[in-house]
Amino acid sequence: MEKQTVQITQSTSGDSRLRALIKTLSKQKMLMLMSLPFLLWVIIFKYIPLWGWTIAFQKFRLARDLFDQTWIGLENFRFLFSEPQFYLVLRNTLVMSGINLVLGFGTAIVLALLLNELRRMYFKRTVQTISYLPHFISWVVAANIVQTALAPEGIVNVMLMRMSLIEQPILWLGIGEYFWGILGVTEVWKNVGWNTIIYLAAITSIDPAQYEAAEMDGASRLQRMWHITLPGMKPVIVLLLIMNLGHILESGFEAQYLLGNGMNVEYSENLDIFVLKYGMQMNNFGLATAAGMFKTVVSFMFLIAANNLAKRMGESRLY
Amino acid sequence: MRKKQWLTSGLAVLTAATVLLAGCSNDSGGNTPQTGGTNGEVSTDPVTFTYFGFGNNKDVLASDTTIGKILQEQTGVDWQIEFVVGDASTKSGVMIAGGDYPDVISPVGELPKLLDAGAFIPLNDLIEEHGPNIKRVYGDYMDKITHEDGNIYILPYTANVNGYLSDPDAMSTFWIQRRVLKEFGYPEVKTLDQYFDLIEQYEAKYPTVDGRDTIGFLTFAGTAGEFFTITNQPMHLAGYPNDGNVLVDLDTHEANLYMGTDYEKQWLAALNKMNSKGLVDPETFTANKDQYLAKLTSGRVLGYVNYAWQIGDATNNLKAAGNDDLRYVSLPITFDENTTDAYIDPPSFVNNRGLGITVNAEDPVRIIKYWDNLLTDENQKLVMWGQEGETYSVNEEGRMVMSEEQLANRNDNEFKRQYGWMYFDYEWPRYGDNSVYEDGNAHRVFNQPEVAAVNYTEGDKVLLEAYGAETFSDFFADPIERPWYPAWSIEKEQGSPEQLFGQRSGDLQQKYYPRLVFAKEAEFETVWNEYIAEFNKLDSAGFEAFVTKRVKERVDGKW
Amino acid sequence: MARANTFRTSSLGDKIFDVCNVIFMILLVCVTLYPFLNMFALSFNDANDTIRGDIYIWPREWTLRNFEYVFSESNIFHATFISAARTIIGTAVSVFCTAMLAYTISRPEYALKKFVSITFIFTMYFSGGLIPNYLLIKELGMLNSFWVYIIPGIIGVFNMIVIRSFIEGLPEGIMESAKMDGAGDFVTFTRIVLPLTVPALATVSLFVAVFQWNSWFDVFLYNSSRQNLSTLQYELMKVLSTSNTTTSSADAFADAQSSAQMVTPTSVRATMTIVASVPIIMVYPFLQKYFVKGMVVGGVKG
């Protein structure tokens with residue numbers, strides 16, 4: 001509401017608008033003092049290094065200054081977009097991060113709701129602490145565990161065979177079509193506990209009086225979860241969703257690299273691995289930078305769209 | 001506004017930094033270092049230089065090791081030795097960008113980048129003035145160590161002196177479990193067909209080991225970084241040494257890819273046939289290194305293919321377990337009975353690995369003198385053998401020998417670190433591994449037949465005797481001189497069509513090999529044709545022309 | 001939670017729900033505890049024996065050799081101290097600054113609210129690249145200094161958004177009344193907002209602390225030649241890369257086939273995981289109580 005008063009005072013002429021802004025700001029010295037040093041910080045540490053984007057237009061060589069570089073225009077972008085492999089890895093990236101987004105959000109929210117319903121405090125705390133342990137193991141270790149479990153003689157095949165669900169062991173990582181599913185489950189296993197933390201924090205801000213009122217009305221457990229806990233978590237959920245939609249081209253790197261192999265490469269190779277192979281491993285920083293710029297553009301598109309959608313739906317938004 | 005100012009000042013600063021850096025490298029180009037002057041005047045005041053290696057090792061202060069201490073006493077020079085942690089390419093990138101070089105660098109794979117950035121000073125004049133021993137050791141290789149601009153930037157590690165002595169324990173890539181040979185009375189196994197046939201016969205006789213299924217054959221192809229293990233084999237089977245992805249004709253020096261040839265087809269068809277008999281491990285293309293090593297040490301595997309250095313942990317484990325029947329031996333396998341195998345590396349000179357002095361070194365003369373001092377017979381014995389009476393002894397015939405205990409120390413990583421072998425026996429200016437001392441002893445400890453013999457177990461001796469061999473190298477044909485060898489060390493320019501070809505062809509193989517091996521026998525031909533159709537889209541002729549040109553240049557003495 | 005105990009009447013459906021929920025949680029615990037048990041077993045198992053595989057949750061040949069090897073890195077205790085210092089200082093500074101910034105952009109009347117928000121939010125989605133960042137740090141004279149661990153990470157944008165969302169969830173009346181009492185923005189922030197957003201701050205602290213504790217790349221880039229600024233994770237990375245020396249590089253293969261290996265990368269990695277993660281995992285149970293405390297505050301205001 002306050003914001004509107006600021007806007008109302010704005011007149012049509014730019015000059016007086018500026019004067020109005022200065023006038024408002026002069027009343028907000030403390031807020032400025034509390035935020036502008038950080039603005040300076042972000043410009044220095046995040047915006048200045050953006051000069052590095054010029055590398056995308058060069059055949060970049062280290063230790064040459066900007067004017068000694070060979071400028072090649074859009075060649076790196078042309079290579080990227082004309083490479084048939086690029087579209088395959090783009091598909092894989094989008095699908096995998098889509099799966100991660102849906103599964104990651106869904107499982108973390110459900111787990112937070114279920115944890116919140118546990119009656120015994122110590123049990124709840126123990127489960128919570130243990131569930132986030134896999135977050136602390138490196139992907140190398142995690143991938144090793146997954147590979148061992150999915151081996152022909154690994155636990156997954158043994159159990160499925162005991163239950164007579166399959167007759168022959170399945171070479172899970174050797175069948176490309178299964179890769180996305182395996183990756184999705186692996187990501188959930190590794191990160192669900194960790195992802196829950198933020199929702200549990202959100203639940204603490206829900207007013208307990210609401211639960212008491214609901215109990216009075218005879219609401220069931222599920223009804224309370226659905227009508228009180230979940231709406232209480234909603235602002236955080238929406239914000240995370242918007243932010244993560246901006247990361248739609250970041251489907252992770254290590255997991256795909258470690259679990260990928262010749263047999264599933266058509267499903268496992270994503271944009272980051274492609275850039276590693278054709279950019280970094282060939283010392284082609286230009287290509288890597290061009291790919292980074294492409295990712296940023298896509299990120300912004302998704303971010304802005306998601307934010308506008310949230311705005312239109314009257315949900316909390318990013319900015 | 002502020003943002004823009006920051007941007008411009010940032011750019012200005014950057015420009016200044018890079019100009020400064022370029023200036024530095026220009027300055028030091030060619031002119032003789034200020035310190036030192038003539039030979040005698042170089043001081044032996046204590047000084048510590050910095051050494052950075054792009055290999056993996058533990059950081060150390062040289063004088064904390066026995067060898068480093070002895071060398072310090074001789075020269076007054078100590079080294080703070082550091083190695084890369086994490087990604088080498090990233091490290092070299094920031095090193096170059098910041099111009100933060102140590103005094104000397106062993107760049108391993110980062111050489112092209114560092115050279116391009118002008119990180120190294122030319123050594124020509126320094127060697128001329130202060131390096132009599134360097135001249136003695138590298139004299140024959142001058143054309144190979146001199147770069148296109150006429151300068152020498154690094155001193156490689158493979159300059160053999162006083163003749164050429166090959167490893168008595170050379171190995172091939174085709175390994176078979178010893179009990180298989182024993183079972184069939186130590187038959188002669190020369191061809192791929194014989195090799196696979198033997199595995200098949202044994203498997204039929206003993207389908208299980210300790211209640212678990214025997215694994216007929218497997219190879220290390222489950223991780224992208226090791227995929228060359230399976231793709232390199234047609235080259236070896238055709239009787240060629242490891243030239244990377246090409247076969248170089250001995251007479252015409254034409255380099256031809258073997259990808260997409262009948263050699264490759266024959267190899268894959270053989271694997272396909274083995275697979276249809278159930279003898280290829282289904283995890284061949286999915287197992288990671290731990291899983292692969294676990295299989296090799298389980299005793300269930302009858303035959304496998306890889307280079308020995310890929311699986312040192314597994315072979316040590318098997319040797320320590322003490323059951324020689326479950327250990328493996330490598331054989332001189334080729335496609336054809338009449339093909340001479342080329343598993344023993346020909347005399348070679350790797351000119352893109354070496355040690356160089358950077359533009360940041362304040363006293364290159366001291367460094368070059370240290371190196372020169374390192375290159376005496378005495379000090380070369382020190383860095384390879386240690387001290388007489390302590391780590392080795394000399395018998396009455398004047399041969400250098402090691403007792404079992406001394407050999408155990410020479411093999412023990414912890415001891416090697418303390419003593420300094422871990423730091424001084426390779427990445428310094430040195431005699432090549434196949435060198436011989438003036439007195440006829442081998443430079444490399446394990447090239448000395450007397451030492452190799454101490455290393456043999458009872459089972460080794462039985463096996464060698466059965467084949468009438470003295471050493472494992474006797475299994476293989478003598479190497480043939482190949483003046484370009486190895487072709488894999490030919491540098492490909494960044495982002496060049498050749499580099500791109502290498503990546504694309506590798507991707508294609510990674511995708512099609514599993515299909516070809518696991519295809520039903522009847523479908524093999526179809527999948528192969530599909531593979532060839534994809535392969536034909538790549539510019540293989542251009543790649544071959546490039547390698548051929550470089551090979552011919554090398555043959556003509558222009559490395 | 002404590003609240004749940006107050007429900008006296010529980011229907012049959014509720015009971016079934018509880019039983020299912022507990023069973024589900026036990027399964028979850030089994031699956032998520034396994035990797036740690038596995039690392040534990042591997043770290044106490046003889047490295048040479050580990051090569052044979054099939055180690056799951058209990059060591060086959062007990063040894064302390066792996067730990068001895070990891071701790072033989074003489075610098076490791078000092079590095080642990082640096083890790084702890086950067087974790088504590090870095091977390092305190094970052095959480096305070098991030099919360100302060102979050103407060104300013106949560107104020108609806110702040111004229112620069114949107115500008116500041118967008119300027120920060122966008123930075124989540126781009127990077128100038130490794131080399132420009134390195135040169136920046138170099139030009140700022142922050143190479144080989146402790147502050148390179150703290151200053152470049154002073155604001156976490158994601159964390160800023162999280163805290164902002166919690167502040168916005170507070171009843172506006174609280175801040176209004178503070179203003180009424182003549183409190184300025186800074187006082188409102190420290191006296192009112194900080195205490196009321198403890199659960200969010202605890203969450204964010206956890207995120208920052210874990211990030212700080214696990215960091216090694218900044219050590220690698222900026223401080224790798226300064227032993228006394230090395231961190232635990234970086235020292236462990238060194239140990240790991242040393243254990244690779246003779247096993248995987250063709251360049252160093254001269255004597256590899258005959259060298260006795262007492263450790264392997266697999267064993268070292270398992271030991272590292274235990275050494276590096278146990279201290280930071282301990283942090284969480286302590287932070288957990290703030291999640292409850294937050295609720296109590298919420299209850300009071302209600």
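**A helix and its surroundings**

Mentor: Helix 2 of chain C has a kink of about 35 degrees at C:Tyr34, shortly before the proline C:Pro35, where the bend at a residue is the angle between axes fitted to the seven residues ending there and the seven starting there. The model is a predicted one, in which local features need pLDDT of at least 70 and side-chain atom pairs count only at pLDDT 80 or more, while totals for chains, interfaces and linings use all residues. Residues are numbered from 1 along each chain as its sequence is written, chains are lettered from A and ligands numbered from 1 in the order in which they are written, and side-chain values use heavy atoms, with hydrogens and water left out.

Helix 2 of chain C covers residues 12-43, and its 32 residues reach 47 Å from the first C-alpha to the last, close to the 46 Å expected at 1.5 Å a residue; the expected span is 1.5 Å times one less than the number of residues. Helices (H or I, at least four residues) and strands (E, at least two) are DSSP runs, numbered from the N terminus.

C:Asp18 meets A:Arg119 through their side chains in a salt bridge (2.5 Å, N to O), a term for a side-chain nitrogen of Lys or Arg within 4 Å of a carboxyl oxygen of Asp or Glu. Across the interface of chain C and chain A, the rule finds two salt bridges. The contact takes 98 residues from chain C and 85 residues from chain A, contact meaning heavy atoms within 4.5 Å. About 8500 Å² is buried between these two chains, with carbon and sulfur atoms giving 75%; buried area is the accessible area (1.4 Å probe) that two parts lose on being put together, summed over both.

Chain C also meets chain B, where 49 residues of chain B are in contact with 49 residues of chain C. The area buried between chain B and chain C is about 4100 Å², and carbon and sulfur atoms give 52% of it. On the chain B side, B:Val85, B:Trp309 and B:Asp313 lose the most area to chain C, together 17% of what that side buries. The rule finds three salt bridges across the interface of chain B and chain C, and a salt bridge joins the side chains of B:Arg212 and C:Asp54 (3.9 Å, N to O).
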